[in-house]
Amino acid sequence: MDVRDIAARYRRDQQRAEAERGKYPVHAIAVPVQFPFLISLAMSQIQQDADGRAILRQSSVTLGNGLFPRPVDSWKMREEFLLLKQTDDELLGFLDKFGWWDPTRPLIPVEEFWVFRETLMQALCWPEKTRGKQLSQTGFQGLPGLFATRLQASFAYSDGSPKFVVSTSGCADALIATLQCDLARGKEFRKCRGCDVIFPITSKHDKVFHDRDCQHAALVQRRREEQRKRKAEIRATRERSK
Ligand SMILES: [Zn+2]
């Protein structure tokens, strides 16, 4: 088949699909969406592969040791994840506590966690539009963003109300889902000027420190620096007058 012929067929199909979409616009309805955030415990260990790269290996725990998924507070998990020290021990401690990172991938290069963490940290502080595009499956002219993920939603009916229940099965999906929820609720974040904590902006007051302790520590440090500078100036003046 001629290449030009393929291109023509491709365009024809594309135009047909677009015309169909125009005829049947997407239905948008408002129903609650629930995120139960259930994650199963896992056994985690870090090994070296043939190239000497550190690889995380996860496997199911044995029966009687927490085989069934447990509810997790994903925002708390995110807070802990963002504050991990970049060591194997800290990563293993985190995974022992929360469980599977991604049940579809039993082997993950350790480097990936820290890159993900760094990106997540930055992503939280991106403007709403950027976050939205990076979370979207079609954010970049039909192409997925950095945090695009497919989550499974099922329809549920309980207590007389219909809803969609979104299931996340590992920490990675749960973390991304917190970004989606935050975006949907219009939450904005900022990195603390005194430490690495990322905190939600709750009011119009331009808070730059995440808590009073951090603000106080920064103030103390600034005073010390000013004092040091003043002392140095006094010393210099004395030296000159000698
Ligand atoms: Zn702070």
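This is a short tour of one protein chain, stop by stop, for use with a viewer. The model is predicted.

**Stop 1: the two domains**

Colour residues 33–200 as domain 1 and residues 211–242 as domain 2. Their centres, taken over C-alpha atoms, are separated by 43 Å. The contact between them takes 4 residues from domain 1 and 4 residues from domain 2. On the domain 1 side, those residues divide into 2 nonpolar, 1 polar and 1 charged.

**Stop 2: helix H7**

Select residues 212–241. This is helix H7, with 30 residues. From its first C-alpha to its last, H7 reaches 43 Å. That is close to the 44 Å expected at 1.5 Å a residue. How many of its 30 residues are buried? The count is 0, so H7 is hardly covered.

Now pick Arg 224, which is found in helix H7. Is Arg 224 buried or exposed? Arg 224 counts as exposed, because it has 10 C-beta neighbours inside 10 Å. The cut-off for exposed is 12 or fewer. Draw a distance from Arg 224 to Leu 41. The two are 183 residues apart in sequence and 47 Å apart in space, C-alpha to C-alpha.

**Stop 3: helix H1**

Jump to residues 3–23. This is helix H1, with 21 residues. H1 reaches 31 Å from its first C-alpha to its last, close to the 30 Å expected at 1.5 Å a residue. The count of buried residues among the 21 residues of H1 is 0. H1 is hardly covered.

**Stop 4: an open sheet**

Show strands E1, E8 and E7. These 3 strands form an open sheet in the order E1-E8-E7, with mixed pairing. Strand E1 covers 33–34 and strand E7 covers 152–158. Why is one side of each left without a neighbour in the sheet? Both stand at the edges, and each has a single partner strand.

Next, look at E1 beside strand E8, residues 161–167. E1 and E8 pair in the parallel sense over 2 bridges. Select Gln 34 and look across. Val 165 in E8 stands opposite.

**Stop 5: a hairpin and its neighbour**

Select strand E3, residues 42–48, and strand E4, residues 54–60. They pair in the antiparallel sense over 7 bridges. Ser 44 has Gln 58 in E4 as its bridge partner. Ile 46 stands opposite Leu 56 in E4.

The hairpin of E3 and E4 has 5 residues between the strands. In this hairpin, Gly 52 takes a positive phi near 80 degrees.

Which residue in E6 is the bridge partner of Ile 55? The partner is Pro 109.

As you turn the strands, keep a general rule in mind. In a regular strand, side chains alternate between the two faces of the sheet.

**Stop 6: the largest nonpolar core**

Here is another general rule. In soluble globular proteins, nonpolar side chains tend to be buried together.

The largest nonpolar core has 23 residues. Which of them touch the most other members? Select Ile 39, Cys 171, Ala 174 and Leu 175. Then show four helices: H2 (74–82), H3 (88–98), H4 (110–125) and H6 (171–184). Each supplies at least two residues of this core. H6 gives the most, with 6 residues.

Zoom in on Ala 174. Leaving out residues up to four places away in sequence, Ala 174 touches Phe 37, Ile 39, Val 72, Ser 74, Met 77 and Thr 168.

**Stop 7: Arg 78**

Go to Arg 78, found in helix H2. Is Arg 78 buried or exposed? Arg 78 counts as buried, because it has 20 C-beta neighbours inside 10 Å. The cut-off for buried is 20 or more. Not counting residues up to four places away in sequence, Arg 78 touches Leu 175 and Thr 178. Now find Arg 57. Arg 78 and Arg 57 are 21 residues apart in sequence and 21 Å apart in space, C-alpha to C-alpha.

**Stop 8: Thr 87**

Finish at Thr 87, in the loop between H2 and H3. Thr 87 is exposed, because 9 other C-beta atoms lie within 10 Å. Draw one last distance, to Gly 186. The C-alpha atoms of Thr 87 and Gly 186 are separated by 33 Å. Along the chain, these two are 99 residues apart.

Key:
Residues are numbered from 1 along each chain as its sequence is written. This is a predicted model: local features need pLDDT of at least 70, side-chain atom pairs count only at pLDDT 80 or more; totals for chains, interfaces and linings use all residues. Two strands pair if DSSP finds at least two bridges between them. A nonpolar core is a set of buried Ala, Val, Leu, Ile, Met, Phe, Trp, Tyr and Cys residues joined through C-beta atoms within 7 Å. Two residues are in contact if their C-beta atoms, placed from the backbone, lie within 7 Å. Domain bounds come from an automatic or database domain assignment. Ala, Val, Leu, Ile, Met, Phe, Trp, Tyr, Cys and Pro count as nonpolar, Asp, Glu, Lys and Arg as charged, and the others, Gly among them, as polar. The expected span of a helix is 1.5 Å times one less than its number of residues.
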